[in-house]
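Here's a quick briefing to read with the model open beside you. Have a look at the fold and the ligand site as you go.

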Amino acid sequence: MSDVGIIDRAVAAALPLVPTRLVRTFAAPYIGGETLEQALCVVRRLNAAGLAASLDVLGEHVHDEAGVRTMVAAYRQALAALAAGSADSGVSVKPSALGAAIDWDLCHDAVVEVLDGAAASSAGGGRFVRLDMEESATVDGTLALYRRLREEGHERVGIVLQARLWRTSGDVKALADLRPDVRLCKGIYLEPPSVGMQDREAIRHSFSALLRQLLRGGSRVAIATHDEVLVTDALAAVDEYAVPAAGCELQMLLGVRGDLARTLRRAGHRVRIYVPFGQDVFGYSVRRLRENPAVAGHVARALAADLARGVRQGRRRPGGGGVR
Ligand SMILES: Cc1cc2nc3c(=O)[nH]c(=O)nc-3n(C[C@H](O)[C@H](O)[C@H](O)COP(=O)(O)OP(=O)(O)OC[C@H]3O[C@@H](n4cnc5c(N)ncnc54)[C@H](O)[C@@H]3O)c2cc1C
């Protein structure tokens with residue numbers, strides 16, 4: 001982001017120290033609700049405006065099998081509800097929420113259960129399941145999981161590639177035989193310079209080049225960015241390669257640049273909104289707030305007010321505990 005002050009950047013970096021309750025307040029626009037019912041209302045509202053959705057059950061880095069079972073059940077319930085409401089929505093899953101942090105075979109079996117739920121929830125091959133991409137240490141495992149699923153015959157599953165990673169062009173080549181359905185994004189996880197580009201323009205350049213590499217290879221691409229420079233460039237690439245309407249879509253996050261999403265939709269493009277919901281809002285919210293240092297400035301002021309209140313009331317820690 002461009003016009004970001006040093007103080008705002010510092011606050012953004014300190015976000016993990018902010019009390020959960022404050023993070024929840026500031027992150028509310030990015031979250032589809034705490035319950036499935038609330039998220040379904042958001043999906044219905046988006047669909048009514050001509051926007052598709054992808055539901056994400058919040059949660060990550062699940063370290064016990066019972067937690068994985070809970071996640072699978074939540075996804076299957078969400079898929080059944082999407083079917084009941086004939087919603088225009090797939091789901092996005094984080095491998096670490098489905099057991100990757102424990103064992104990739106366990107994660108594979110959990111994803112297959114979600115895919116079975118997705119297949120049952122829609123005619124015509126089933127609802128689409130996207131494997132989100134997480135920290136760079138999980139990329140090899142996630143790509144291997146994707147390949148295994150495709151080689152087992154699962155077709156309604158897609159992958160995410162992160163433009164900031166140095167390795168991604170090689171990954172596109174390695175995946176070419178699968179003609180993968182790819183969500184291309186900049187990549188949210190902070191990676192060291194040996195792993196990921198740090199410069200905003202370099203990441204843009206990489207995004208633009210990867211998009212063309214994917215289109216040349218015949219991939220269907222979900223162009224996931226709110227960066228207007230990249231959106232303009234992507235639409236030019238789509239024209240350049242005469243990509244049919246079904247061959248690409250634009251994707252954005254709930255609560256970010258809704259104006260741009262609606263403008264693109266009005267211009268006739270397919271646009272999908274990522275709708276996270278659930279109780280475990282902290283990790284996702286901190287990542288969103290970090291990308292919006294203007295909000296981080298508000299957080300700093302609220303935190304200062306909270307601290308002052310705490311001191312007056314004799315509280316020892318900001319937010320009365322709950323700092324993570
Ligand atoms: C649908 C979707 C799915 C994604 N899935 C993944 C994934 O699986 N793995 C992964 O690593 N990353 C994922 N991302 C995140 C992505 O990698 C970027 O971190 C994120 O999209 C911000 O980058 P940008 O391209 O929008 O550009 P930026 O330069 O960050 O943003 C462009 C403009 O958008 C606005 N903006 C962006 N973020 C915010 C915000 N939080 N609040 C307010 N305004 C904002 C600002 O106006 C900003 O100037 C996903 C993004 C989208 C849209």
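Residues are numbered from 1 along each chain as its sequence is written, and side-chain values use heavy atoms, with hydrogens and water left out.

**Confidence**
- The chain averages a pLDDT (the predictor's confidence in each residue, from 0 to 100) of 89, and 87% of the residues score at least 70.
- Residues 316–324 stay under 50.
- Where pLDDT is low, the predicted coordinates should not be read in detail.

- Strand 7 (residues 248–253) pairs with strand 8 (residues 271–277) in the parallel sense over 4 bridges.
- Met252 has Ile273 in strand 8 as its bridge partner.

**Ligand**
- Around the ligand there are 26 residues (a heavy atom within 4 Å), and Tyr30, Gly187, Thr225, His226 and Glu291 come nearest.
- An N or O atom in the Tyr30 side chain sits 2.7 Å from a nitrogen atom of the ligand.
- For Ile188, a backbone N or O atom is 2.9 Å from a ligand oxygen atom.
- A polar backbone atom of Arg288 lies 2.9 Å from a nitrogen atom of the ligand.
- Strand 7 gives the largest share of the shell around the ligand, 3 residues.

Technical notes
This is a predicted model: local features need pLDDT of at least 70, side-chain atom pairs count only at pLDDT 80 or more; totals for chains, interfaces and linings use all residues. Contact means heavy atoms within 4.5 Å. Two strands pair if DSSP finds at least two bridges between them. Helices (H or I, at least four residues) and strands (E, at least two) are DSSP runs, numbered from the N terminus. A polar contact is a pair of N or O atoms within 3.5 Å; within protein, one must be able to donate a hydrogen and the other to accept it, and residues adjacent in sequence count only if both atoms are side-chain atoms.
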